[in-house]
Amino acid sequence: MQVENHHQRRSKLQSFTMNNGLAIPALGYGVFQMTSAEVAEHLPEAIAAGYRHIDTANAYFNEVAVGRVVRESPVAREEFFVTSKLFPQSYPYQQCVTDIDATLERLGLDHVDLLLFHQPYGEYVAGWRAMEEAVDAGKVRSIGLSNFSAAKAREILDVARIAPAVLQVEAHPYWNQHALKTELADTGIVFEAWYPLGHGDKTLLAEPALTEPAAKYGKTAAQVVLRWHLQEGNVTFPKTLNPQHMADNIDIFDFALTEEEMARINALPQKPYHAIPDEPPAYVTTPMDYSKQS
């Protein structure tokens, strides 16, 4: 019966179509700031709960563990959507070629479903050609960006043979990214949200615009936020180590917010939790050693 429930839950999961015609699951599981041991323990729980989209990165230093869980899972590889990201040290063209192969080697996979440039610094325009060549070679299915402004994304769009399919940015009801979406509306880029629950901000989750629909639909305020993301067209991958929260986060496909409820959420005051500086912080220029993973 438990397997049937998981199957039923997966059958309700929704996807969005990217500008390359491929589908991306609307809800996933993020492993930011998780140790390899935590990945080994909790990613299988997420998979058992029905998650198939996994979001990692070179700079999370847990790709080896993520890849091991995916390979050892009873779920077939083609059912997974695996994302990783390259840090700016990888962007110079030749280094990018090398580091894409190194990413696949750490994951132990013959391809990733989505590969992103993680931060908007360094030689991202030059490196984009290596990303396109990785798509041509079948090493990567889709390519995209993370934390890029519209102006910096346009630098890549101006030279791209394969356009970015995804832009991952901070997004939640206190920072709905409507202005950025308007600036890039002609690109067909799908937006992904980090901090999708506002960094767990209790002030946000206590907003009447969220708690009142939650009471109406028999959901939590966090589930209302994730449903808002879904109806906004945002991909989300909330991180949690709590199996009950995993189950709650994926249980957002059996209700819908009204236009009035969406408008009320979108009327909340806007302020990001984290600003992306114009100049590269020290950590994006520090040499990175991704080999020390288990």
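Buried here means under 20% relative accessible area. The legends below describe close-up views of a predicted model.

**View 1. Helix 9 has a buried side.** In helix 9 (residues 208-217), the buried residues are A209, L210, P213 and A214. They span an arc of only 125° around the axis, which puts them on the same side of helix 9. An α-helix has 3.6 residues a turn, so residues three or four places apart point the same way. A215 and K216 lie on the other side of helix 9 and are exposed. G218 follows helix 9 and has a positive phi, near 70°.

**View 2. Helix 12 buries E261, M262 and I265.** Which side of helix 12 do these residues take? Their arc around the axis is only 100°, so they sit on the same side of helix 12. The exposed residues E259 and E260 are on the face turned away from the buried side of helix 12. The cover over the buried residues of helix 12 includes helix 9 and helix 10.

**View 3. K219, D251 and D254 belong to one salt-bridge network.** D251 forms a salt bridge with K219, with the closest N and O atoms 3.4 Å apart. D251 lies in the loop between helix 11 (243-250) and helix 12, and K219 in the loop between helix 9 and helix 10, so the pair ties together parts that are 32 residues apart in sequence. Is K219 buried or exposed? K219 is buried, with a relative accessible area of 14%. D251 is partly exposed, at 31% relative accessible area. Salt bridges that share partners bring D254 into the network with K219 and D251.

**View 4. D186 forms a salt bridge with R154.** The closest N and O atoms of this pair are 2.6 Å apart. D186 lies in the loop between helix 7 (178-183) and strand 9 (190-194). D186 is exposed, with a relative accessible area of 59%. R154 is partly exposed, with a value of 27%.

**View 5. D136 and R161 link distant parts of the chain.** The two residues form a salt bridge, and their closest N and O atoms are 2.7 Å apart. D136 is in helix 5 (residues 124-136). R161 is in the loop between helix 6 (150-157) and strand 8 (166-170), 25 residues apart from D136. Both D136 and R161 are exposed. A search of the whole structure finds 14 salt bridges.

**View 6. F32 and Y60 form a tilted aromatic pair.** A pair of aromatic rings is described by the distance of the centres and the angle of the planes. For F32 and Y60, the centres are 5.2 Å apart and the planes are at 55°. F32 lies in the loop between strand 3 (29-30) and helix 2 (36-49). Y60 lies in the loop between strand 4 (53-55) and helix 3 (63-72), so the pair ties together parts that are 28 residues apart in sequence. F32 is partly exposed, with a relative accessible area of 42%. Y60 is buried, at 13%. The search of the whole structure finds 10 aromatic pairs.

**View 7. Q33 and F61 have positive phi values.** Q33 is not a glycine, and its phi is near 60°. Q33 lies in the loop between strand 3 and helix 2. Q33 is exposed, with a relative accessible area of 58%. F61 is not a glycine either, and its phi is about 55°. The loop between strand 4 and helix 3 holds F61. F61 is partly exposed, with a relative accessible area of 31%.

**View 8. Y91, F117 and W128 form one aromatic cluster.** Charged ends sit over rings at Y93 and F255. Which residue has its charged end over the ring of Y93? The residue is R129, and its charged end is 3.8 Å from the ring centre. Over the ring of F255 sits the charged end of R227, 5.8 Å from the centre.

Note on methods: Residues are numbered from 1 along each chain as its sequence is written. This is a predicted model: local features need pLDDT of at least 70, side-chain atom pairs count only at pLDDT 80 or more; totals for chains, interfaces and linings use all residues. Side-chain values use heavy atoms; hydrogens and water are left out. Rings of Phe, Tyr and Trp (its six-membered ring) pair if their centres lie within 6.5 Å; planes under 30 degrees apart count as stacked, over 60 as edge-to-face and the rest as tilted. Helices (H or I, at least four residues) and strands (E, at least two) are DSSP runs, numbered from the N terminus. Buried means under 20% relative accessible area, exposed over 50%, partly exposed in between (1.4 Å probe, protein chains only). A charge sits over a ring if NZ of Lys or CZ of Arg is within 6 Å of the ring centre and within 35 degrees of the ring normal. The arc is that of the directions from the helix axis to the C-beta atoms. A salt bridge is a side-chain nitrogen of Lys or Arg within 4 Å of a carboxyl oxygen of Asp or Glu. Contact means heavy atoms within 4.5 Å.
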